[in-house]
Amino acid sequence: MRINPWSAVLLLGVPVAFLIIFFIVPFGTVAVTSFRMPDGGWSAANYEKIATDAYYWGALYLTFKIALWVTLIVLLVGYPLAYTITYNVRNPLLRRFIYIVIVTPLFTSSIVRAFGWLVLLGRKGMVNETLMSLELIDKPLQILFTEGGIVIGMAYIMLPFMVLTVASILQNINTSLLEAARDLGAHPVVAFLKVTFPLSLPGVIAGSLIVFTLSVSAYVTPSILSGGKKTVMSMLIYQQYAATLNFPFGATLAVALLVSTLLLIAGYLLVIERHAKG
Amino acid sequence: MAGDLIEIVGLVKRYGAVAALDGVSINVRQGEFLALLGPSGCGKTTLLRSIAGFVEPTEGQVRIGGKVINDVPPHERPVNTVFQNYALFPHMTVADNVAFGPRRKGTPKAEVAKQVADVLAMVGMDGYGERYPRQLSGGQQQRIALARAIVNQPQVLLLDEPLGALDLKLRKRMQVELKRLHGQLGITFIYVTHDQEEALAMADRIAVMNQGKIAQIGTGQDIYRAPNSRYVADFIGEANLIECTVKNGRLDLGGVTLPYDVAGAGARATLMIRPEDIHLGAPPSDGAPVVLKATVRDKVFLGSAWRVYAALPSVQEIAAHAASGDAVDHVAKGGAIELWWPRDRGRVLAQ
């Protein structure tokens, strides 16, 4: 197909312009600011501070730890859910209904949903009350304001992204491939492991990347569910900008978070590519 | 008949109110090449899939080697399928695709490699083991799908329109190869197709299906020469279906009595004659041919023969397939001609 050069300029230009205006320029400003000193000079002292202070390494570690747990849990819950919707729900109306149920929370403010978890997970919350009344525990569990509480709340918010991504890939796997596997002597479990799952990997990879990056940068949920007892990077950045008003240091934290996230993702993709080739 | 490899007894499959299979009974002999022939929606694929185990019959039984296999899951059935769209695993090489079945049986590695190499050679695809399906042409993919099925040495090979996606020339060549392979392997083939020529060219027996039922089953010649209904006559080959009335127990065509006894057939009957059985010109004196006068409506040159469309006394049209020769070369449009056919080539069909 031949494209008129002018329409090509338009087609490419609009997104490029959008990206420049809303991402490159602001991020460039942030990056430049991170080298600014209170006295008006330029220095990498902020980076030195982060690199040498274990507190920031700890926050970075916690951020990635929570994001990894969230990704793992969302994958373990979301994949079977996507699989069930795709293969076991035959009724198209019911399937649409389930999709709506999954997507609806996205329309609700994450502040509201985080407060919902406060109510559910609290000492007198529904979870503890239920466990107590079943006599599974004798005193309330401390779930709120722990890493576990943050992970639970974030996993719930991230679930739709994984389900939708995986389901869209599963839907495109030709069912005759599964029949072929069964026909060639594969037990349903083997057919899943040898055919369905490998073919759904692009969805798993895309879904986990989306969930991981969103979790790394999440602010509202961790700050509400941590009760100030746990600090992730987004909370530190916010503190610097909104409370301490140390814009250069906030910028440095933001750049450090972005670079380390990109490094992790690049490593992840590299491993996958190696694996796919080998 | 006892001793047949596959016995299908009273098979019914209903989807809601619709019966995809409506009481199918059929026996297939060991080593036979059976074609299931019919238009789309006739139930042929449903029948094939119930033998493979992908369709659970509402009623009836599928037996293989005397054993009822209704409740045996697909992966434990002694059958393998060549799927319509090949269904090759896109994430596996050709060799891994073919090795999929043997590996499930726990065949030792070296043995698997040998089986794969042998079967790829058999379908003329040796040396393609390391390629991926997307790197192959449609015809090559077809061969791999075939190899992947026969490497398991199934008792029955099920083929679901395996040549449907290939161009005509390749299809003709694959027909010959499949037929040869069938002879070599001695495996029972059940072959679903909507292409009557393909069924005639390949199958030992053809089961013509219509609306979930078997309309007729027999050798290609049986079905072509002696169809038992208008439906079969029309579906297999070309047929002139001449509507006649019945007078005094004989066929009557616009006042001309035709020498076919139809006592008890009701007030109307259909006479079927294949175009190639109709001759133009003076009938021979022996053999009591059926002779009709007609008017030429059209004449089409086909190369080796002429196709002549002629109007009968009853205003119906009849097509004749006449080898080039004096009689037909000089027939003119609008001219009067005499048609005849050997009496036994006409068949009276029930309504």
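A nonpolar core here is a set of buried Ala, Val, Leu, Ile, Met, Phe, Trp, Tyr and Cys residues joined through side-chain atoms within 4.5 Å, where buried means under 20% relative accessible area with a 1.4 Å probe and protein chains only. This is a predicted model, in which local features need pLDDT of at least 70 and side-chain atom pairs count only at pLDDT 80 or more, while totals for chains, interfaces and linings use all residues. Residues are numbered from 1 along each chain as its sequence is written, chains are lettered from A in the order in which they are written, and side-chain values use heavy atoms, leaving out hydrogens and water.

**View 1. The largest nonpolar core, with 46 residues.** Ile66(A), Val70(A), Val74(A), Val195(A), Phe89(B) and Phe100(B) are the members that touch the most others. Among the chain A elements giving two or more residues are helices H3 (54-88) and H9 (188-217); helices are DSSP runs of H or I, at least four residues, numbered from the N terminus. H7(A) gives the most, 11 residues.

**View 2. Around Ile66(A).** Leaving aside residues up to four places away in sequence, Ile66(A) touches Ile150(A), Val151(A), Met154(A) and Val232(A); a contact means heavy atoms within 4.5 Å.

**View 3. A second, separate core of 44 residues.** Look for Val116(B), Met174(B), Met202(B) and Tyr224(B), which are included in this core.

**View 4. Helices H3(B) and H4(B) packed together.** H3(B) (residues 109-122) meets H4(B) (residues 138-150) through Val119(B), Leu120(B) and Met122(B) on one side and Ile144(B), Ala147(B) and Ile150(B) on the other.

Methods
Buried < 20%, exposed > 50% of the residue type's maximum accessible area, 1.4 Å probe, protein only. Axes fitted to C-alpha atoms, helices over the stretch in contact; angles between N-to-C directions.
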